[in-house]
Amino acid sequence: MGCFNSTLTPPKRSLYHSNGKPPTTASGGEFTEFTLSELKSATDNFNSELIVSESGEKAPNVVYKGRLDNRRKIAVKKFSKLAWPDPKQFAEEAKGVGKLRHKKLATLIGYCCDGNERLLVAEFMPNDTLAKHLFHWENQTLEWAMRLRVALYIAEALEYCSTEGRPLYHDLNAYRVLFDESGDPRLSCFGLMKNSRDGKSYSTNLAYTPPEYLKNGRVTPESVMFSFGTVLLDLLTGKHIPPSHALEMIRGKNIVALMDSHLEGNFSNEAATAVFNLASQCLEYEPRERPNVKDLVTTLGPLQSKADVPSYLMLGIPKPEDAPPTPPQPLSPMGDACSRLDLTAIHQILVSTHYKDDEGTNELSFQEWTQQMRDILEARKRGDLSFRDKDFKTAIDCYSQFIEVGTMVSPTVYARRSLCYLFMDQPDAALRDAMQAQCVYPDWSTAFYLQSVALSKLDMHKDAADMLNDAAQLEDKR
């Protein structure tokens, strides 16, 4: 039986982490090192007319909108070399942020480190910033239900980043909250890059800066909570009110006077009071007295209203296109099953395919046939029998034993465990395994197909459609 190993050459320009996980983007493509010429072409040589208004960034750290050759819209943040004098450090930091993937976080899809240039590339959010909708609105003010949704979504994005080892977010403010093509709020990925040398983590007025940052210049998870409190104030008041002034009014129970008059009373007093109380806790002078990120989600979740109303309706923007892109050719049985999210059909295909796609790689030498090797092959065999019999919990346990030893690497095992996780309603774990299968076998369509199913289960439907197309194209090439 053959297996894949680390000597496989990765696809051109794809970047893999030391842990073997490919930092894929929200659109399904791999995290990319762009050339300067590509980004110049995408931004019309960094045309000043393409600088994103209301981005909240100060020169030279400005953001441009652009379009790649494949017509994909992007946002490009440009730093000075002084911000990141060490190109290796910049690249590693960008890769760390680039592996994050969440439907409430705008994804970093690549970077460029060419000579003196330091650039980040993110997916473009076409419906402006929270600051634009709160402070500079032209058509309609944000309704109360959308403000509650913004607060929860950003809290959930911060919680996700924290669980993924990225608890620090720099200069969280209303400019960092973006709206995607469906009108859903998304947290900008740019704030996840750690502090640069030529700029401060907080570019706003000192009145909105965490007090401990003014003392020591360090960003902590508690500092992020303080900044989240200022965003809550923005949502509640529709104005940028200094926290100290707002706290005086909150503690004086003058909450109604603080509420945005443009809401014209169309809000829940009970919910508004709860959000004001949460903001007050976030803005406590002593960092240890502030809530943690889980507390934010726990508090804001039950306050949501109009949960079934799409964001685009509340934002007053046109309905996004519903139809996914048409694949370039008729789908194979595997592609068809994945497009229909038919897990039973996918299972039948993987059972019948067995380990065909693992063949043709390294064969184990006689010396490698140790007792440990026999044990892990036995674990895989038990996993295969459980997988065939649809005992998915046992299959996960057995395949995990095989994977954790690490002596052999099999894309098929990752694919099978991914499907087991899908049957167990664990799409996050399924997505990770499908990505691992892609890492082991970069051009394997099955890995891409399973990612598309997991993305659909995570309600990332546009990304799922893009991934399905990628899988179909790879399958057609083979």
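Asn266 is located in the loop that connects helix 8 (255-258) with helix 9 (269-282); helices (H or I, at least four residues) and strands (E, at least two) are DSSP runs numbered from the N terminus. Residues are numbered from 1 along each chain as its sequence is written, and side-chain values use heavy atoms, without hydrogens and water. The model is predicted: local features need pLDDT of at least 70 and side-chain atom pairs count only at pLDDT 80 or more, whereas totals for chains, interfaces and linings use all residues. Asn266 is exposed because its relative accessible area is 55%, where exposed means over 50%, buried under 20% and partly exposed in between (1.4 Å probe, protein chains only). The C-alpha atoms of Asn266 and Glu143 are 7.9 Å apart, although 123 residues separate the two in sequence.

Arg67 belongs to strand 2 (residues 63-67) and, because its relative accessibility is 32%, counts as partly exposed. Together with Lys65, Arg71 and Lys73, Arg67 forms a positive surface patch. Patches comprise residues with over 30% relative accessible area and no salt bridge, like charges being joined within 9 Å; a salt bridge places a side-chain nitrogen of Lys or Arg within 4 Å of a carboxyl oxygen of Asp or Glu. Charge positions are taken at NZ of Lys and CZ of Arg.

The protein chain contains 19 helices and seven strands. Of its 478 residues, 55% are buried. Among contacts (heavy atoms within 4.5 Å) with a separation of 6 or more, 67% involve residues 24 or more positions apart. The accessible surface of the protein chain is about 22000 Å², 48% of which belongs to carbon and sulfur atoms, as computed by the Shrake-Rupley method with a 1.4 Å probe.

Key. Patch = residues over 30% accessible without salt bridge, like charges linked within 9 Å, V, L, I, M, F, W, Y side chains within 5 Å. Lys, Arg positive; Asp, Glu negative; His and termini not counted.
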